[in-house]
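Hi there,

Here is the structure I promised to pass on.

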Amino acid sequence: MPLPDVERLAMFKLLIIMLLAPVVAFATTYSLMYFSPGNEMEQRLFINAGMDIVHVYEDGSIDFVANDWDREILIEMGLFCTTRIADLERFYAAQMGSRTMGGFMTWDEVQAWLTQLHNLYPDITSAPTSIGNTYQGRPQLVMKISTNNTFTADDPSMANAWYDGLIHAREGAAMLNVQSFMEWLCENYDRDGFCGFQATWLLENREIWCLPCNNVDGWVYNESTSPGGGGMQRKNMNWSAGGDGIDLNRNWAVAWGGAGSSGSPSSSTYRGTAPLSEPETSNIDDFWQGHIPTQMHSTHTYGNILIYPWGWTDDPTTHAAQYATQGEIMVQWATGETHGPSAQILYYSSGNTRDHSYGLYGAMSWNHETGADFEGFWPTATQVVKLTRRNLRSYLVTAFMAGCPYNPHVPGTPTVSPIGTVNPPFTVDWTDVSGATLYGLQRLAGYSVPLDNPGSSGPFNLINWSMTTSQSHSPPQCYVSNGTGTMTWTETVSIPSNGGGRLSFWSEYSISGSYLGALEVSTDGGANWYYLQTFGRSDMTWRYNIHELDEWQGETLSFRWESFGSSTDLYIDDIKVEVWDENDFISTTIPTSSWTFSTHPMGEYWFRAFAIDPDFGPGWPSDAEYALVQTVGIEEGETGPDLLTTLLGTISPNPVTVSAAISVNLAASDAGNAGLYVFDLTGRMVKDLSGMLQQPGSSVVHWNCTAEDGTPVPDGIYFCRLQTDDLQEVRRLIVIR
Ligand SMILES: [Zn+2]
């Protein structure tokens, strides 16, 4: 079908723009520069110049990116700046290797990825939907992630949370972080485990809107000039005013035209001719009018900082206290970095996204400057992998807090009362958590603790790390980084496909400026590492860190702590890894702080309780509490052994001196084909107890610590093994006389 004339004309214009664009851009060179204001007037002059500031140091000195025009202005103003990196595009090109777009997705790949994500998860995602075209006519594609996944029909009872990346076209890690969050939500939805519960709760109670690639034209332009990555275009592709585009993050309506933005078309922070003059910003504003966000999270790179309104003034917002509280929770969960109002801790920036979404729509509004200075705009291949999920849990906090934007709080964690040895019926009790209306109770089986290290010499490979007594969470000592180095757990943990696990530890740090500390996970034996949590503050406060691991069901995990920078002091103490073979949610809608089992299979179990706040959602689960369930409560009409699953229970006493009582459950189907054996440390079978396992049901088998020939076995460690066609369970016992 022939295009109407108007459309043809538009396409022709587009073609001309695309053909002309590279010629103009090659004229400018982007430099990383440094400025240390000598006095207040110099500082004010510099702010008014509207530079793209990437880092503010504690002494007030500044790293910024300048193009040709910016550098001329600074000379005219008489401000003396030093050049750190003269040509950033050349600098980045040298470290890019052979990857397409430096390891980030091209625009074509992003579109295909969005379509694929929707095809994989059609029930919880909308189709990628354009909210309007960019200046050059490309769609701004938003995906809604929610059980209410109809793009056009909002459920007013479900709060809106908005996420976007790449408003600045050279900030690929911003797009990558939003993509990773989208994948996490989809992959964990309906998964059996605590991470699964978190994702499911969010998708059933929130409408999560994601625009991973905002400034599409700028990204496509960087693809054309630097296909391997390293392109430095920041602004959009509306070059009609004579410069090289409009800084979309200065084009929003609230305080448009104020400090920290420029009226010069060639400036890095050119604000455009009017508020929302650009389609990229006005499309989003139109969309927000119909889907008002209660939390807005716009991601940038770089500088390891979390900022919020205001950017246009030093004055505090009405919700300064709420911002501080939520910011603290976001960094404790995830990114451990400095947070504050952007005008105060970073720089003035009028007409930015945060001020607009907060000022006009009341959304609690956030901006991560993702990645350390050494990672920059175009990180190395290794760094790209690490950065993938750096903001993940911080995004989760904003999604949860979309239900309590002006009353930020996280539910407390209950404590489960000791259970010990019980016979059904029995009750599991836990402490009340204020504000919680419901509780969840999780039952674990096959629980073990592969690592419980109090900060003393343990199974770690320390490279430029050591132990110290100068600090500790639990005296007398802990681990500390001595500069750039790693502390790698020499073992691994496999997360069973129906189970889960948890890594917890305490951390304290003094990490300033452009340095970084991190906790990292690998799922491929250390070939690739991902940030689970980063650390970047100097407040030397011990914080408890929890990482639930069921999102990696079926995978084997390695962990390490890493530190970057000569003055990086990262202290780590009391590291614990827990893992379990099975987890069941007994209920996630318990209205009181107890649960009574009228019947229960025999065996060893562990129980975890967690609080569910109606506004926030689930808080962290309690520590696991041990229970030995001895006999089965039998309801009328039921028979005992059919209720049982086959399992090896406790051995007592252990250590044993005379005779060990080994408790065993045998399902009716396993009667007659189950084996029970004792092995020594060399793997030699010393005793076959299978003959005592003929009847289904619960029984106790006694072993008098003798071998097959009746002679006493030597003192030492032995293993008791229960074996059927499809099960093998092993418990350790010690003989000491
Ligand atoms: Zn940016």
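To judge the length of a helix, I take its expected span as 1.5 Å times one less than its number of residues. Please keep in mind that this is a predicted model.

Let's begin with helix H7, residues 194-205. Its 12 residues should span 16 Å, and because its end C-alpha atoms are 16 Å apart, the model agrees with that expectation. H7 is also mostly covered, with 10 of its 12 residues buried. Among the buried ones are Phe194, Cys195, Phe197, Leu202 and Leu203, and the list also includes Gln198, Thr200 and Asn205.

Next comes strand E8, residues 206-211. The rest of the structure largely encloses E8, because 6 of its 6 residues are buried. In a regular strand, side chains alternate between the two faces of the sheet. In E8 both faces are covered: Arg206, Ile208 and Cys210 are buried on one side, and Glu207, Trp209 and Leu211 on the other.

What does E8 pair with? Strand E6 (residues 139-145) pairs with E8 in the antiparallel sense, over 3 bridges, while strand E7 (residues 159-165) pairs with E8 in the parallel sense, over 6 bridges. Trp209 takes part in both pairings: this E8 residue is the bridge partner of Lys144 and also of Trp162.

Cys210 turns up again in the nonpolar core. The largest such core has 159 residues, and Phe64, Leu185 and Cys210 touch the most other members. Helix H6 (residues 172-188) gives this core its largest share, 8 residues. Apart from it lies another core of 17 residues, including Ala674, Leu676, Val678 and Val735. As background, nonpolar side chains tend to be buried together in soluble globular proteins.

Asn423 has 13 C-beta neighbours inside 10 Å, so it counts as partly exposed. Leaving out residues up to four places away in sequence, Asn423 touches Gln630 and Thr631. Its C-alpha atom is separated by 9.5 Å from that of Ser598, although Asn423 and Ser598 are 175 residues apart along the chain.

Best wishes

Conventions:
Residues are numbered from 1 along each chain as its sequence is written. This is a predicted model: local features need pLDDT of at least 70, side-chain atom pairs count only at pLDDT 80 or more; totals for chains, interfaces and linings use all residues. Helices (H or I, at least four residues) and strands (E, at least two) are DSSP runs, numbered from the N terminus. A residue is buried if 20 or more other C-beta atoms lie within 10 Å of its own, exposed if 12 or fewer, and partly exposed in between; C-beta atoms are placed from the backbone. Two strands pair if DSSP finds at least two bridges between them. Two residues are in contact if their C-beta atoms, placed from the backbone, lie within 7 Å. A nonpolar core is a set of buried Ala, Val, Leu, Ile, Met, Phe, Trp, Tyr and Cys residues joined through C-beta atoms within 7 Å.
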